[in-house]
Amino acid sequence: MEVSPETPATSTPGRARRADMKIGIIGAGNIGGNLTRRLTALGHDVSVANSRGPHSLKELADETGATPVRAEEAARGAEIAVVTVPLKAVPDLPSGLFDEAADGLAVIDTGNYYPQRDGRIAGIEDEGLTESRWTARQIGHPVVKAFNGTYAQDLLDRHRPAGDPERMALPVAGDDEAAKRKVRDLIEELGFDTVDAGGLDDSWRQQPGTPVYGLRGGVDAVTRALAEASPERPEEFRG
């Protein structure tokens with residue numbers, strides 16, 4: 001789906017919140033940590049993992065009530081899993097990561113390709129894969145791209161109720177419409193509108209260096225920014 005300013009696929013204000021869900025978060029950096037804070041505050045059952053082990057997450061667990069686990073256990077029983085690790089670490093994630101997840105698992109990919117950090121990734125540079133398409137291939141599960149251009153602090157400070165004129169919108173891309181709907185509903189519950197940015201092969205529209213990346217705007221601004229994106233990767237984001 002190509003997004004145009006005239007036909008935004010936006011969130012539906014006032015959708016009923018989901019019942020509390022089991023959510024696994026793999027990666028406890030800025031985005032993963034703040035999602036843990038917000039999602040536990042909303043009453044969800046959150047398990048969180050990082051590369052250093054559960055003992056390193058005691059402070060976050062004490063603050064939020066989340067359950068610190070090993071990466072292999074993070075998605076156990078989860079309806080939604082969030083992969084929020086540097087791209088260079090994606091191939092090193094445990095195999096079978098989602099084998100014990102709930103049926104209909106939606107996997108959120110928050111990642112971005114920064115060659116200076118991640119090294120050169122041939123699938124992205126040479127094959128022309130979008131960053132999230134590459135991630136989906138590595139983990140063997142479809143993903144929904146979201147939060148990749150969101151400032152972590154905004155998750156804590158800039159959420160607003162539906163209909164608020166200052167409510168921000170976030171782009172969401174994915175091939176599985178049911179998974180994408182589940183993710184969009186969660187984002188709306190977090191206090192942000194959403195704009196459907198198409199399938200994973202369209203997700204270059206929200207990669208680093210595009211107009212929507214880091215944009216703090218509403219539905220109309222995000223829709224315009226997605227439509228104005230160029231498929232050519234900016235020089236500073238090439239390896």
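W134 has its place in helix α5, where helices (H or I, at least four residues) and strands (E, at least two) are DSSP runs numbered from the N terminus. Welcome to a short tour of a predicted model, in which local features need pLDDT of at least 70, side-chain atom pairs count only at pLDDT 80 or more, and totals for chains, interfaces and linings use all residues. Residues are numbered from 1 along each chain as its sequence is written, and side-chain values use heavy atoms, with hydrogens and water left out.

**Helix α5**

- W134 counts as buried, at 9% relative accessibility; buried means under 20% relative accessible area, exposed over 50%, and partly exposed in between, with a 1.4 Å probe and protein chains only.
- Leaving aside neighbours within four places in sequence, W134 is in contact (heavy atoms within 4.5 Å) with L87, V90, P91, I121, G123, I124 and L129.
- From C-alpha to C-alpha, W134 and D220 are 29 Å apart in space, and 86 residues separate them in sequence.
- T135 also lies in α5, which covers residues 131-139, and T135 is buried with a relative accessible area of 0%.
- Residues up to four places away in sequence not counted, T135 touches L87, V90 and D109.

**The sheet**

- Eight strands form an open sheet with mixed pairing, in the order β3-β2-β1-β4-β5-β6-β7-β8; two strands pair if DSSP finds at least two bridges between them.
- The edges belong to β3 (67-68) and β8 (193-196), each with a single partner strand, so one side of each has no neighbour in the sheet.
- Strands of a sheet pair through backbone hydrogen bonds, either parallel or antiparallel.
- β1 and β4 run parallel and are joined by four bridges, and G24 stands opposite A81 in β4.
- β4 and β5 also run parallel, with four bridges between them; the bridge partner of I80 in β5 is A106.
- Two bridges join β5 to β6, again a parallel pair, and I108 has V144 as its bridge partner in β6.
- In a regular strand the side chains alternate between the two faces of the sheet.
- Both faces of β4 are covered, with I80 and V82 buried on one side and A81 and V83 buried on the other.

**Nonpolar cores and F147**

- The largest nonpolar core has 29 residues, of which L35 and F147 touch the most other members; such a core is a set of buried Ala, Val, Leu, Ile, Met, Phe, Trp, Tyr and Cys residues joined through side-chain atoms within 4.5 Å.
- Two or more residues of this core come from each of β1 (22-26), α1 (30-41), β2 (45-49), β4 (80-83), β5 (106-109), α6 (152-157), β7 (169-174) and α7 (177-190).
- The largest share, five residues, is given by α7.
- Apart from this core lies another one, of 27 residues, among them V69, A74, V83 and V143.
- F147 is found in the loop between β6 (144-145) and α6, yet F147 counts as buried at 3% relative accessibility.
- Residues up to four places away in sequence not counted, F147 touches I31, L35, I108, T110, L155, L170, I187 and L190.
- Most residues other than glycine have a negative phi.
- F147 has a positive phi of about 70° although it is not a glycine.

**Pockets and the cavity**

- On a 1 Å grid over the protein atoms alone, a cavity is a set of points where a 1.4 Å probe fits but cannot get out, and a pocket is an open set with protein on both sides within 12 Å along at least five of seven lines; lining residues have an atom within 4 Å of a point.
- The largest pocket has a volume of about 610 Å³, where a volume is the space filled by probe spheres set on grid points joined across faces, edges and corners.
- Its lining has 28 residues, with I26, G27, T84, V85 and P86 nearest the centre of the largest pocket.
- By class, the lining of the largest pocket has 13 nonpolar, twelve polar and three charged residues; Ala, Val, Leu, Ile, Met, Phe, Trp, Tyr, Cys and Pro count as nonpolar, Asp, Glu, Lys and Arg as charged, and the others, Gly among them, as polar.
- The second largest pocket has a volume of about 220 Å³, and L129, W204, Q207, P231 and R233 lie nearest its centre among 15 lining residues.
- The largest cavity holds about 110 Å³ of space; of its 16 lining residues, G149, T150, L170, P171 and V212 are the closest to its centre.
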